[in-house]
Amino acid sequence: MISVEEHLANILRQIEPLAPETVPVTRAHGLVTASDVTSTADLPRFDNSSMDGYAVRRADLEGASPENPVLLPVVGDIAAGDQATHELVPGAAWRIMTGAPVPAGADAVVRVEDTDGHPREAKFRVQPEPGANIRRAGEDIRAGEVVLPAGTRVAAPQLAALVSAGIEEVEVVAPVRVVVLSTGDELVRVGEPVGPGQIVDSNGPMLEALVREAGFFAVHVGHLPDDEDVTRKEVRHHLDHADAIITTGGVSKGAYDIVKAVLTGEGTMEFVEVAMQPGKPQGFGLLGKRRVPVFTLPGNPVSTLVSFEVFVRPALEKRAGRLVGDTTTTGLATTSWPSAAHRRTYTRVRVTRDSTGEYAVEPVGGHGSHMVAGLALADALAVSSEEATEVEAGSRVELMLLRPRREIDGRLAGEGA
Ligand SMILES: Nc1nc2c(c(=O)[nH]1)N[C@H]1C(S)=C(S)[C@@H](COP(=O)(O)OP(=O)(O)OC[C@H]3O[C@@H](n4cnc5c(N)ncnc54)[C@H](O)[C@@H]3O)O[C@H]1N2
Ligand code: MOO
């Protein structure tokens, strides 16, 4: 058996980020920039008002106060989006809206609240500071400056910056297109009748959801019978277009463990036993001339999930060019539970809070790796070490959260915990 670290390191050593690809800017969402992106425009693009009010020359409002307001004629309105060129002559004002271009000659904007708001001749109760309420062209970024450095994942704020900066296309690390293949004669697709000895393929939909939630693209989710020729042909077919393939089932010691039989000796494929519970039988390698990473995960649903979290997720993140750190947290065990000897153990736990407000955890949903209904009750996987044979009540355990923290905290707040 090899350790979890060894297997993960072996995978990550072989994983290369995908080649850069140029995509329309809105398609860059979720992807990582492959080169620096420079702004094509000054932002703001032009001097504009930050308030609804009046564009003025401040010299015209010398001495203006609530007691002695100064009256100026209002030449007209400038709304946001006004494309005309306006000029402010001395001794007058333009009524101006937030985001509207400041007319030439104006050196400040007075907020409507500091006037009587009249549309034709307004009384001004203040003399503004120079430049008051004017957002200057280029104060955010200048044309030619880097708006997003290479290696940045494009989330919502970055998308706003890119489109504002006039970017139409972005060079990104290509989107990771994942093929998911469940294997096993016992499986039927969702919605099909379930006959004697059959079960619904839950790994396919689960992996598709995991892939999608992690921001990758599940381009094909299929299932294969326990047939060597069919399996060989199907895997070959997907090697032409997939950026990663995940199979489940058929990798242990059964007479019908087809995946292992078909892929042994192909590419850099290695089948190993990893010192973990669940998830012991694992396979990984690069296959085909495109050197596609292929993960062959064990078929038990809990083993599949744990294998995805421990090996596949970090590998796909590297494939996507993302830089990510450890996202584990910790909790206090409220009870003791067994930990498999010589294997890192991932125990499904439910999260509550102890009296100090820290996460407190206890096993939930049983511990068989086939217990898919019980799996749905878990908030996290508690990780205990190879050396442990028991997690002691009161000890601190590492947690891999299976739900966003905010959802766990929201549920706990609702329960008054
Ligand atoms: N003699 C031994 N038998 C087994 C060993 C072993 O060391 N010696 N290891 C066990 C462990 S641990 C695991 S994990 C499983 C892994 O088995 P496979 O990856 O070969 O998977 P299958 O045999 O095809 O299926 C296992 C189990 O999971 C169910 N399954 C499979 N695919 C799906 C799916 N898409 N959706 C829902 N459920 C699925 C399948 O029906 C089996 O019950 O091997 C142990 N055996
Ligand atoms: O290691 Mo298997 O993955 O227990 O169920």
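The model is predicted, so local features need pLDDT of at least 70 and side-chain atom pairs count only at pLDDT 80 or more, while totals for chains, interfaces and linings use all residues. Residues are numbered from 1 along each chain as its sequence is written, and chains are lettered from A and ligands numbered from 1 in the order in which they are written.

Let's start with ligand 1. Around ligand 1 there are 27 residues, and those that come nearest are Asn 203, Gly 249, Ser 252, Pro 298 and Gly 299. A residue is near a molecule if its C-beta atom, placed from the backbone, lies within 6 Å of it. Two elements give two or more residues to this shell: helix H3 (203-213) and helix H6 (301-319). Helices here are DSSP runs of H or I with at least four residues, strands are runs of E with at least two, and both are numbered from the N terminus. Sorted by class, the shell around ligand 1 has 7 nonpolar, 15 polar and 5 charged residues. Here Ala, Val, Leu, Ile, Met, Phe, Trp, Tyr, Cys and Pro count as nonpolar, Asp, Glu, Lys and Arg as charged, and the others, Gly among them, as polar.

Ligand 2 has its own surroundings: Gln 277, Pro 278, Gly 279, Lys 280, Pro 298, Asn 300, Ser 303 and Ser 369. These divide into 2 nonpolar, 5 polar and 1 charged. Between Gln 277 and Pro 278 the peptide bond is cis, with omega at about -5 degrees.

Now look at how the helices pack. The axes of H3 and H6 come within 10 Å and cross at roughly 20 degrees; axes are lines fitted to C-alpha atoms, for helices over the stretch in contact, and angles run from 0 to 180 degrees between N-to-C directions. H3 and H6 are therefore roughly parallel to each other, a label for angles under 35 degrees, with over 145 being roughly antiparallel, 65 to 115 roughly perpendicular and the rest oblique. In this packing, Asn 203, Met 206, Leu 207 and Leu 210 of H3 meet Pro 301, Thr 304, Leu 305 and Phe 308 of H6. Residues are in contact if their C-beta atoms, placed from the backbone, lie within 7 Å. The contact of H3 with H6 has 6 nonpolar, 2 polar and no charged residues.

H6 has another partner, helix H1 (residues 4-14), packed at an angle of about 25 degrees with the axes 10 Å apart. That makes H1 roughly parallel to H6. From H1, Val 4, His 7, Leu 8, Ile 11 and Leu 12 meet Val 310, Phe 311, Pro 314, Ala 315 and Lys 318 in H6. By class, this contact has 8 nonpolar, 1 polar and 1 charged residues.

Are they buried or exposed? Asn 133 is buried, with 22 other C-beta atoms within 10 Å, whereas Arg 291 counts as partly exposed because it has 15 C-beta neighbours inside 10 Å. Buried means 20 or more other C-beta atoms within 10 Å of the residue's own, exposed means 12 or fewer, and partly exposed lies in between, with C-beta atoms placed from the backbone.

Conventions
Contact = placed C-beta atoms within 7 Å.
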